[in-house]
Amino acid sequence: MAVVTIEHLDIVFGDNLAKTLPLMDKGHTRNDILGLTGDVVGVQDANIEVNEGEICVLMGLSGSGKSTLLRAVNGLNKIARGRCLVRDGDEMVDMATCDETKLRHMRTHRVSMVFQSFALMPWLTVLENVAFGLEMQGMGLKERLSKAKEQLDMVGLTQWADKKPDELSGGMRQRVGLARAFAMDTDVLLMDEPFSALDPLIRSQLQDELIELQKRLNKTIIFVSHDLDEALKIGSKIAIMESARIIQQDEPEQIVLNPATEYVEKFVAHTNPLNVLCGSALMTPIAELAKKEARFSVGENLWLALDSGQFQGVYNLEEEVASAQWAPGMPIEQVPANTVVRVDETITMRDAVEIRYHTDRPLVLENAGQCVGILSDHNFYHALLGKHFSRTEVSS
Ligand SMILES: Nc1ncnc2c1ncn2[C@@H]1O[C@H](COP(=O)(O)OP(=O)(O)OP(=O)(O)O)[C@@H](O)[C@H]1O
């Protein structure tokens, strides 16, 4: 179910809309338009749908329009053209045209925001900061303090409730920011580079915590980042922006496998494939394996026997080699050495590499009981060297 739907959205900073919009339609660049009218195009023709429970990451270089698009979702930026619809129960409210009362209702009950700068009030305690927004929702003192305590507990800061924000570290303050946003219990959370000021370890930890909280609370999150590794880790959908436009939006793995432009390819070239790619994107398909007397070579002198696509065994000369099946959640360190492991083709690259490390054997990939391919060191090196993607030209 769509919670946020953005349709043909344009945002322009400046007072010359009557001149700027036709220039945008004629295909003039942002720089041209700045020179001709003095207006800055913040977002141009953005279209995106974010479904319930999704984490959509807006990604791109500085100035590409990420924050401008994000801020449109809670009505902070004036929309020049197009629609920005946000769900309010059974109704979709257009943030471009709704009146002040509706806007206030949407900001207190439907959409809340977490900033990079934490935006905590220094004169209030940590607990009071978390409870602050609830007062605006009209909640009584006792109830809001109890709700704020619950949220502080969730982010592991119960013991810090009575401290002032400046007594906390940056990571802790950002946790307070998260607790405050989650306390509002709005359906949509907007997060503008919330972790970018933090050091890498704390940042990674907070990313994990956000993923956990999201699983429990099933919020719809729009998250701005300029770090593709962060986007790939937390996003269920990624929209890449360049010069005010969304130039590609897709699932993380597809962005890495099929970057639409050179700009996207440059981001992708520096990502860690372990976190993104899955077995089916890496494997050598059965049809491409060398075949001898009805058996398929999986390298290392090992031969795979199939019957109508189903696994029959792996042989080293005529001797059968140990094999086992693995499914996500099973402890990898318990997989015996020298065993060919059969796994589902959706296995993550990280798990596959770890299995290979433990067993010292290639992996056999299956889909619904049919062997579809194998994973050996060659496949892993291929991905680690960034040779796994092929850029598809975008049609304009
Ligand atoms: N309030 C404003 N008034 C005028 N121009 C603005 C305003 N806010 C943003 N812009 C312009 O809109 C463009 C997009 O800015 P935006 O902040 O959305 O980019 P961003 O991708 O979020 O960048 P960053 O990663 O640096 O935060 C920029 O050229 C910026 O100068």
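**View 1. The shell of residues around the ligand in the predicted model.** The residues around the ligand are Phe-13, Val-40, Gly-42, Gly-60, Ser-62, Gly-63, Ser-64, Gly-65, Lys-66, Ser-67, Thr-68 and His-226, where a residue is near a molecule if its C-beta atom, placed from the backbone, lies within 6 Å of it. Strand S2 (40-51) and helix H3 (66-72) are the elements that give two or more residues to this shell, and H3 gives the most, with 3 residues; helices (H or I, at least four residues) and strands (E, at least two) are DSSP runs, numbered from the N terminus. By class, the shell holds 2 nonpolar, 9 polar and 1 charged residues, with Ala, Val, Leu, Ile, Met, Phe, Trp, Tyr, Cys and Pro counted as nonpolar, Asp, Glu, Lys and Arg as charged, and the others, Gly among them, as polar. Residues are numbered from 1 along each chain as its sequence is written. Because this is a predicted model, local features need pLDDT of at least 70 and side-chain atom pairs count only at pLDDT 80 or more, whereas totals for chains, interfaces and linings use all residues.

View 2. All 6 of the 6 residues of strand S3 (residues 55-60) are buried, so the strand is largely enclosed by the rest of the structure; a residue is buried if 20 or more other C-beta atoms lie within 10 Å of its own, exposed if 12 or fewer, and partly exposed in between, with C-beta atoms placed from the backbone. Ile-55, Val-57 and Met-59 point one way from S3, while Cys-56, Leu-58 and Gly-60 point the other way. S3 pairs in the parallel sense with strand S8 (residues 220-225) over 5 bridges, and two strands count as paired if DSSP finds at least two bridges between them. The bridge partner of Cys-56 in S8 is Ile-222. S3 also pairs in the parallel sense with S9, over 5 bridges, and there the bridge partner of Gly-60 is Met-241. Gly-60 also belongs to the residues around the ligand.

**View 3. The hairpin of S9 and S10.** Strand S9 (residues 237-242) and strand S10 (residues 245-250) pair in the antiparallel sense over 5 bridges, and Met-241 stands opposite Ile-246 in S10. The hairpin has 2 residues between its strands, and Ser-243 in the turn has a positive phi of about 50°.

**View 4. An open antiparallel sheet.** Five strands form an open sheet in the order S12-S13-S14-S15-S16, with antiparallel pairing. Its edge strands, S12 (291-292) and S16 (319-321), each pair on one side only. Within the sheet, 6 bridges join strand S14 (residues 302-307) to strand S15 (residues 310-316), and the partner of Asp-307 in S15 is Gln-310.

**View 5. Ser-204 in helix H8.** Ser-204 lies in helix H8 (residues 200-217) and is partly exposed, with 15 other C-beta atoms within 10 Å. The C-alpha atoms of Ser-204 and Arg-81, which are 123 residues apart along the chain, are separated by 38 Å.

**View 6. Residues 391-396 and the confidence of the chain.** The protein chain averages a pLDDT of 89, and 97% of the residues score at least 70, pLDDT being the predictor's confidence in each residue, from 0 to 100. Over residues 391-396 the pLDDT is below 50. Where pLDDT is low, the predicted coordinates should not be read in detail.

How values were computed: Two residues are in contact if their C-beta atoms, placed from the backbone, lie within 7 Å.
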